Amino acid sequence: MSERLEVNKTFKLVVKGAFVRSESGRSYEVRDAAGGFLANVAQASRKDLRDAVVAARAAQGAWWDASAYNRGQVLYRWAEMAESRRDELVDLVGAVEGHKKKDALGHVGRAIDRIVWYAGWTDKVAQVLGGANPVAGPFFNFSQPGPCGVVGVIAPQESSLEGFVNCVAAPLCVGNAVVAVASEQRPTPALALAEMSVTSDFPPGVLNVLSGFGAELMGQLASHGDVDGIDLSGSGDAADELARVAADSIKRVYRERSNDVENPLRRLRTFVETTTVWHTIGQ
Amino acid sequence: MASLRPAEVRARGVLIPTVVSIPSIDTDEELRRHVRSLSGVDAVGLESRVAKLGTRSLKLSTKMTAIDLAISMVDLTTLEGADTPGRVSSLCAKARRPDPTDAVVPHVAAVCVYPDLVALAGRALADTSVAVASVATAFPSGRASLGVKLHDVAEAIDAGADEIDMVIDRGAFLAGRWGQVFDEIVAVKAACGDAHLKVILETGELVTYDNVKRASWIAMLAGADFIKTSTGKVGVNATLPVALVMLEAVRDFAELSGRVTGVKVAGGIRGTKDALRYLVLVNETVGDAWLSPEYFRFGASSLLNDLLMQRRKQLSGVYPRPDEFSGD
């Protein structure tokens, strides 16, 4: 009897809730920590990025219009999906990051727990980051946090899953739509988690994940006029230049600080737009 | 609008005869014989040709030229029950200078409105070469008596319309009363005087490619200056295969009669990519003589913004924000 051939998976981009190959038709090889072949992944072009931004812009309104409670449910559903496919994520993280199974399990567990943590934040942002302001006059004055719109994410290059979750879950939880560029050399865990988001009741287009070469995609994402904020966590040495480019379209920019104890709320706060509303008392 | 002399016009390299010989149609029988003699449309071949031409891609300076050409071919349209004088005024301002930050961008071909707003649009565009087009003849259904339709046209003409977009009676066409359709177009053409007549076939309601071809010929034989795909008010609007059928009909008619008819595609064309596909189709079917606002138009509203956005992207290398361009 002949030996069974393995059915290997080519990872595709996740755009508008669908799995697409790059419009350019390109793909590249992902290698494991020891340098062996792992998988082929689609190599996104700037046109794929453009399409993803259009999809995100179209979906963002519906995502913010959903109740905070509902957004929390959807994020929690995403965690449920990830939990049920945890072994797959453990294998993928272990392979690209070169961890033993026990360590990989730890990374995946923390990533899933972080999604749950942000799911809990959706209906608490208004109280913690907003509030009623005391003013000298017969007025109510409220500060209401809302999303800044479409957020671009350049996910961390080293931490393929935990880092990715930290970067995308924060803007999602406050009602933003996200276009994320996964780690260039380690994109498979993020792409798998993005696949799970498609079966988690996210409106299509709220989370779009691309794999490809940073040099080709980062500048386009930072300069794109219809992207309202950008997380530069995975951009390395290019961060200064990207932040400068992002200023042309007045983007909110999140950068990792050196010697900084990571405060997850800082990321969440970066992608919040606060509206202040005055209302007369007694009418 | 000055017409090209026939001798200057080539369709796919074939010089159109200088002798103008439009087949004379005097009786219903003659029309029927003429239209019946048209060959059938090969639907499979048609769609595969469109699919093949759709893969052509324009780059760099060619793309810039094509975008500017497409802008100059736009009939900026608002045909809503909710149209207000303010909305039409702002549309006219946009028509004369589509991108206020860049004076190099050409103005559009025309502004297309309902007859009651023609006078207003005419005043707003008085000192420009942007034409005022008006729909008429009980647009969009065309379900009214000929007298009402002609009155509709006369009002638009009196108000100063340069171009009339009429609808054909699809009910009559589909019931086989081609003569009635023909006679109505002839009557409306007479009522138009100097104004250009665009005949809307409403191809989404004609069901088959053969019908589109027949309706195109009936309109051209009756004297249409333009044939137009759709009103934009039904489910199926302009499509590439239908445009190809019409362009081929226009080419064949020009070769036979020496008269050049324009084509206007309308409805559902929202993106630059779509517009450029139509331009490729025009160039490959009837030739570059038709690549001018005089003979090819896009009936659209949101298309213009996408053209402007792509134009700016070509110049700056950066994707602009859609709300940098005015809505209506």
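The following dialogue examines how several descriptions of this predicted model are reached.

Guide: This is a predicted model, in which local features need pLDDT of at least 70, side-chain atom pairs count only at pLDDT 80 or more, and totals for chains, interfaces and linings use all residues. Residues are numbered from 1 along each chain as its sequence is written, while chains are lettered from A and ligands numbered from 1 in the order in which they are written.

Visitor: Why does the radius of gyration of chain A agree with that of a compact globule?

Guide: The radius is taken over C-alpha atoms, and the globule rule is 2.2 Å times the number of residues to the power 0.38. For 283 residues the rule gives a value near 19 Å, and chain A has 20 Å, which therefore agrees. The C-alpha atoms of chain A fill a box of roughly 85 × 40 × 40 Å along the principal axes.

Visitor: Why are helix 4 and helix 6 of chain A called roughly parallel?

Guide: Helices are DSSP runs of H or I with at least four residues, and strands are runs of E with at least two, numbered from the N terminus. Axes are lines fitted to C-alpha atoms, for helices over the stretch in contact, and angles run from 0 to 180 degrees between N-to-C directions. Helix 4 (residues 101–121) and helix 6 (residues 162–173) of chain A pack at about 10°, with axes 9 Å apart. Angles under 35 degrees count as roughly parallel, over 145 as roughly antiparallel, 65 to 115 as roughly perpendicular and the rest as oblique; the two helices of chain A are therefore roughly parallel.

Visitor: Why does B:Val50 count as partly exposed?

Guide: A residue is buried if 20 or more other C-beta atoms, placed from the backbone, lie within 10 Å of its own, exposed if 12 or fewer, and partly exposed in between. B:Val50 has 19 such neighbours, so B:Val50 counts as partly exposed. This residue lies in helix 2 (residues 43–53) of chain B.

Visitor: Which residues does B:Val50 contact, leaving aside its neighbours within four places in sequence?

Guide: Contact requires C-beta atoms, placed from the backbone, within 7 Å. On that basis B:Val50 is in contact with B:Leu240, B:Pro241 and B:Leu244. B:Val50 and B:Pro241 are 191 residues apart in sequence, yet 6.1 Å apart in space, C-alpha to C-alpha.

Visitor: What makes strand 5 and strand 12 of chain A edge strands?

Guide: Two strands pair if DSSP finds at least two bridges between them. The open antiparallel sheet of chain A has the order 5-6-12, and strand 5 (131–132) and strand 12 (272–280) each pair on one side only. Strand 5 of chain A is joined to strand 6 (residues 139–147) by 2 bridges.

Key
Contact = placed C-beta atoms within 7 Å.
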